[in-house]
Each structure stands twice: as C-alpha cells, then as structure tokens.
Amino acid sequence: MPSKQDKAIGATLLLSSASLFAYYTIWALIMPFVDDGHPLHEYFPDRKYAIIIPVVLLLFGLTVVFTFLALVMIKSNGTKKASPIKEFI
C-alpha cells in the first residue's frame, strides 16, 4: 500500500510531466502559427530549440544506457566460468 508521501511524490511528478508536455506541445506545434509580433512569443524560446533540445537529451540518454550496458557486459565477461566442453580440449 503506497504511503501518503509516495502519493504526493507521484502526484507532483505527474503534474510536472503534464505541464512540461503541454508547454512543449504549445511551443512546438501551436506557436509556429501565431503571428511573430504577438506578445505570447516572449514566453517561449526560439523554435529551433524545440528540435535541438530533445535531440540532445535523446543522445545523452542513449549514451548513458549504452555505456551502462557496455560496462555490465565487460564486467560479466571476466566472471564467466569455463564451459565443460573446453575442459576436454
């Protein structure tokens, strides 16, 4: 049974994720159709960053995942036992 603290943390993470998704969606999909002189453009960065930021985050995340997998494979290679077939050769 989740505690009240777990529920509060989950609600906070859900709210922040939904807010970030809504902000990015408005920034990347709706703001290109708003006139350039509109004051709403002051609350959003340049549109080129709508592509650059997710690509950089994706590359960083993939680098971390594949580095972790490589380290695990390297570590597990040293602790591998010899197979019974190689004992007779």
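Analyst: Begin with a cut-off: a residue counts as buried when its relative accessible area is under 20%. Keep in mind that this is a predicted model.

User: How much of the protein chain counts as buried?

Analyst: Of its 89 residues, 6% count as buried. The chain exposes about 8,300 Å², and 73% of that comes from carbon and sulfur atoms.

User: Is Trp27 buried or exposed?

Analyst: Apply the cut-off. Trp27 has a relative accessible area of 6%, so it is buried. Trp27 sits in helix H1.

User: Which residues does Trp27 contact, leaving aside neighbours within four places in sequence?

Analyst: Contact here means heavy atoms within 4.5 Å. Trp27 touches Pro32, Phe44, Pro45, Asp46, Arg47, Tyr49, Ala50 and Ile53. Take Asp46 as one case: it is 19 residues from Trp27 along the chain, yet their C-alpha atoms are separated by 9.1 Å.

User: Now the overall fold. What secondary structure does the protein chain have?

Analyst: Three helices and zero strands. Along the sequence the pattern reads α-α-α.

User: How do helices H1 and H2 pack?

Analyst: Look at the angle and the spacing of the axes. H1 covers residues 4–30 and H2 covers residues 49–78. Their angle is about 130 degrees, and the axes are 10 Å apart. That angle makes H1 oblique to H2.

User: Which residues meet where H1 packs on H2?

Analyst: From H1 come Tyr24, Trp27 and Ala28. From H2 come Tyr49, Ala50, Ile53 and Pro54. By class, this contact of H1 with H2 has seven nonpolar residues, no polar ones and no charged ones.

User: Where does UniProt place the feature "transmembrane region"?

Analyst: An annotation comes from a record, so compare it with the model; it may be inferred rather than shown by experiment. The unreviewed UniProt entry places this feature at residues 12–30 and 50–74. In the model, residues 12–30 are 100% helix and 0% strand, with end C-alpha atoms 26 Å apart. Residues 50–74 are also 100% helix and 0% strand, and there the end C-alpha atoms are 37 Å apart.

Key
Residues are numbered from 1 along each chain as its sequence is written. This is a predicted model: local features need pLDDT of at least 70, side-chain atom pairs count only at pLDDT 80 or more; totals for chains, interfaces and linings use all residues. Side-chain values use heavy atoms; hydrogens and water are left out. Axes are lines fitted to C-alpha atoms, for helices over the stretch in contact, and angles run from 0 to 180 degrees between N-to-C directions. Helices (H or I, at least four residues) and strands (E, at least two) are DSSP runs, numbered from the N terminus. Angles under 35 degrees count as roughly parallel, over 145 as roughly antiparallel, 65 to 115 as roughly perpendicular and the rest as oblique. Ala, Val, Leu, Ile, Met, Phe, Trp, Tyr, Cys and Pro count as nonpolar, Asp, Glu, Lys and Arg as charged, and the others, Gly among them, as polar. Buried means under 20% relative accessible area, exposed over 50%, partly exposed in between (1.4 Å probe, protein chains only). Accessible areas come from the Shrake-Rupley method with a 1.4 Å probe; for residues, only the protein chains shown count as cover.
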